[in-house]
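Trainee: I have a structure open and would like to go through it piece by piece. Could you help me read it?
Mentor: Gladly; let us look at it together.

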Amino acid sequence: MLTNYRTAFLRKSNETIQLYRLSTNTLEKSSSSGIKIDIPKYKNRTSTDILKAISSTIQRDPTAAHFKYHDDPYLIPVSNFQKRAYALSQESGRKAAHWIRNQHPELFNHKVAFPPIEKFYPKVVYDENCELDENELKIIIEKATVSDAITVYNLLKKKDIEISSDTQQSLLELVCFYNNQDDLEEDWIEERWYTQANKDREEYRNTWKSNGFAMTLFSTIKSPNSHHYSIIIQGMAKYNQFEEAYKLYKEANEKGFILSTNAYNSAIKTAVYVKEGADHKWLHIQEILTQMCNSGVPMNLSTLNSILNVLTTMAINSESKKYALKTIAEAKQFDIEPCLASYYYLLQIFCADRKNKSTILVDILNLIEEKSLIIKDLADTNFFTAAMENCRYHLQNVDVALRVHSVLLKGKNYNLIGDSYRESVYYRHFFAILCQNESVEFLMKYYNDLVPHIYIPEPTITELIVKTLNVAAAVELYPKIWSDILMFDQADREPIITELIDGMAQNLFPSFEQSIKEKLSLLSGTIYDAIEERKETGKIKMSWTGTMLGNLIKVCLFGDNINKATEIIVKLHKNQNEIIGIPDSQTIASFVDYCIENNYFNELLKCIEYSLEVNYLELDDFISKILTNMTLSAMQRAHLSKLVGTEHYVEIENKIEFVSS
């Protein structure tokens with residue numbers, strides 16, 4: 001019999017249904033038949049768990065932009081510039097609202113929420129008229145508002161209010177962590193997403209404020225202890241003031257202080273600048289590890305990553321790989337599992353030499369492929385970009401690249417892609433290796449899924465994609481790729497346009513259906529018109545070349561678009577000084593043959609006029625073809641004679657008669 005239950009009654013259709021709800025803490029109960037019943041443990045659920053479960057059943061729509069953009073055709077970004085501009089402009093509007101609220105707090109006295117939400121209220125301005133105490137400073141430190149914390153601390157000092165050593169230590173931690181300045185608020189997600197790359201460029205640049213408040217506060221502490229030294233060393237090392245951090249580390253050792261694990265990790269990082277040569281750097285690392293061991297301070301994951309980070313700066317040295325493996329083995333003894341940052345450093349160490357290929361990435365994938373990854377180190381976000389770059393340049397293996405991509409898309413691993421810059425670099429390498437190794441069908445599968453809402457190809461990648469289409473003679477995809485080139489504002493990139501036009505001209509097969517021929521000729525005319533229009537409005541400054549225009553003529557003739565081909569001939573004639581080079585003689589010969597075959601005499605005259613201007617060696621052959629293969633009226637002969645010159649015209653006629661006789 002169950003020991004604990006409660007009964008509820010429901011009435012429906014005059015029937016009473018008795019329900020028993022179990023509420024026992026016992027996990028196993030035996031029934032009369034002797035079968036054990038396992039009651040699962042109660043799971044704590046948050047208010048959004050159901051929403052998360054529902055969202056996990058919905059896949060991403062590749063045809064839709066990110067939900068942060070307005071669902072409006074005119075406001076959906078189609079280029080990298082628009083993605084950045086639209087996302088930041090929307091956030092900028094919210095920042096403007098915050099600014100107005102802070103500048104005019106008197107306008108916001110009404111209660112906008114109950115219970116009150118602190119974020120909705122204007123920012124408090126601290127001055128000498130404020131009644132302040134140490135508790136107020138503690139609250140501000142807890143909120144991590146650096147500028148207000150410094151202001152309140154200075155005001156308390158002016159009023160001779162004593163501040164406890166614990167509060168001073170908390171304040172020192174705050175200003176060292178943020179380098180004496182306010183960090184970007186968590187609300188500004190897009191600004192973080194698009195500006196993180198700027199911080200990465202400062203990876204080894206000294207940005208520590210040497211004469212800032214942190215140093216002033218540290219110097220005012222009468223008897224700094226090990227905690228104070230640990231804090232200031234970590235702050236300096238975080239912002240690359242390695243020399244001063246190492247001096248303070250040695251000073252703390254001389255005083256016999258035992259520092260925190262993270263302070264020792266920061267001291268390890270100082271080897272990048274304070275020591276020269278691989279041997280000296282490794283000796284520096286060993287000395288600090290020995291000091292940690294003697295002080296009874298255990299290593300952690302950050303220690304492992306700090307050592308590997310230093311080893312990446314000496315990756316050219318053959319011993320660095322041996323040192324890295326030793327470090328990994330030592331970490332395993334402490335039950336420290338490497339994270340993505342550790343694997344990122346290992347890739348840099350083992351794959352620095354491109355002549356000798358290392359398959360360490362395959363070993364790493366074997367370890368993490370079935371895991372759901374979480375961030376443990378800021379450098380974790382470097383892994384996927386570095387792994388895909390390794391697949392492209394080092395391994396040159398598309399299968400490994402697809403495995404990396406599969407790991408990225410598993411679970412919530414995509415959160416580890418980092419920022420917009422890393423995401424763009426990742427897909428740059430991914431599409432490059434697909435273009436070099438896979439079929440057009442396989443490439444376009446990913447292209448249609450990712451472009452343009454996730455990734456917009458850089459001009460170099462667009463050129464690679466066009467080359468892949470050319471090699472595969474995938475002429476049916478030319479219209480799509482051209483529309484994307486226009487959409488991405490890459491119509492001014494001469495290598496892309498040249499590659500596209502060349503590919504079209506090289507893949508003109510007589511076996512094509514007439515509809516395909518017409519589409520190609522229409523596309524060539526569209527390309528010509530679009531570039532001309534943009535040149536007239538000053539959007540692009542690309543110069544036509546004779547080869548490009550000659551190829552457009554070939555494609556136009558292939559689809560019987562004689563009007564556009566003639567227009568291009570006229571362009572060649574009138575704008576010779578603006579066009580680099582001339583079409584080859586075979587293109588002009590093709591135009592002449594087409595006009596003769598279809599009896600287009602007026603168009604033929606324009607071609608001959610241009611040929612005379614540029615002085616083709618085959619000019620006499622062109623005129624001979626016209627006189628031999630076309631039935632010309634007296635007026636047409638007169639026009640041709642006047643254009644060529646009477647004497648020269650008579651010479652050509654005499655040659656024809658001589659040959660025929």
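Trainee: Is L259 buried or exposed?
Mentor: This is a predicted model, and in it L259 is buried, because its relative accessible area is 3%, which falls under the 20% cut-off for that word.

Trainee: Where is L259 placed?
Mentor: L259 is in the loop between α9, which covers residues 242-254, and α10, which covers residues 261-269.

Trainee: And what does L259 touch?
Mentor: If you set aside residues up to four places away in sequence, L259 touches S226, Y229, S230, I233, Y249, A252, Y264 and V297.

Trainee: Now another loop residue: where does I221 lie?
Mentor: I221 lies in the loop between α7 (213-220) and α8 (226-238), and I221 counts as buried because its relative accessibility is 8%. Not counting residues up to four places away in sequence, I221 touches Q168, L172 and H228.

Trainee: Which residues is S358 in contact with, leaving aside its neighbours within four places in sequence?
Mentor: Those contacts are F350, C351, H394 and L395.

Trainee: Changing topic, how many aromatic pairs are there?
Mentor: The count comes to 25 aromatic pairs. One of them is Y427 with F430, and this pair is edge-to-face because the ring planes stand at 70°, with the ring centres 6.5 Å apart.

Trainee: Why are Y427 and F430 separated by about one helical turn?
Mentor: Both belong to helix α19 (residues 420-437) and they are three residues apart in it, so about one helical turn separates them. Y427 is buried, with a relative accessible area of 1%, and F430 is buried too, with a value of 0%.

Trainee: What sort of pair do Y610 and Y616 make?
Mentor: The Y610 and Y616 rings form an edge-to-face pair, because their planes are at 65°, and their centres are 6.4 Å apart. Both of these tyrosines are buried.

Trainee: Which residues form one aromatic cluster?
Mentor: That cluster is formed by Y426, Y427, F430, F431, F442, Y446, Y447 and Y455, so you meet the Y427 and F430 rings again there.

Trainee: And where does K238 lie?
Mentor: K238 lies over the face of F177, at 3.4 Å from the ring centre.

Trainee: Last one: at what angle do α24 and α25 pack?
Mentor: Helix α24 (residues 514-536) and helix α25 (residues 546-558) pack at an angle of about 145°, and their axes are 7 Å apart. The crossing in which α24 passes α25 is left-handed.

Trainee: Which residues meet there?
Mentor: On the α24 side they are K517, L520, S521, S524, G525 and Y528, and these meet L549, L552, V555, C556 and F558 in α25.

Terms used
Residues are numbered from 1 along each chain as its sequence is written. This is a predicted model: local features need pLDDT of at least 70, side-chain atom pairs count only at pLDDT 80 or more; totals for chains, interfaces and linings use all residues. Side-chain values use heavy atoms; hydrogens and water are left out. Contact means heavy atoms within 4.5 Å. Rings of Phe, Tyr and Trp (its six-membered ring) pair if their centres lie within 6.5 Å; planes under 30 degrees apart count as stacked, over 60 as edge-to-face and the rest as tilted. Helices (H or I, at least four residues) and strands (E, at least two) are DSSP runs, numbered from the N terminus. Buried means under 20% relative accessible area, exposed over 50%, partly exposed in between (1.4 Å probe, protein chains only). A charge sits over a ring if NZ of Lys or CZ of Arg is within 6 Å of the ring centre and within 35 degrees of the ring normal. Axes are lines fitted to C-alpha atoms, for helices over the stretch in contact, and angles run from 0 to 180 degrees between N-to-C directions. A crossing is left-handed if the near helix is turned anticlockwise from the far one by less than a right angle, and right-handed if clockwise.
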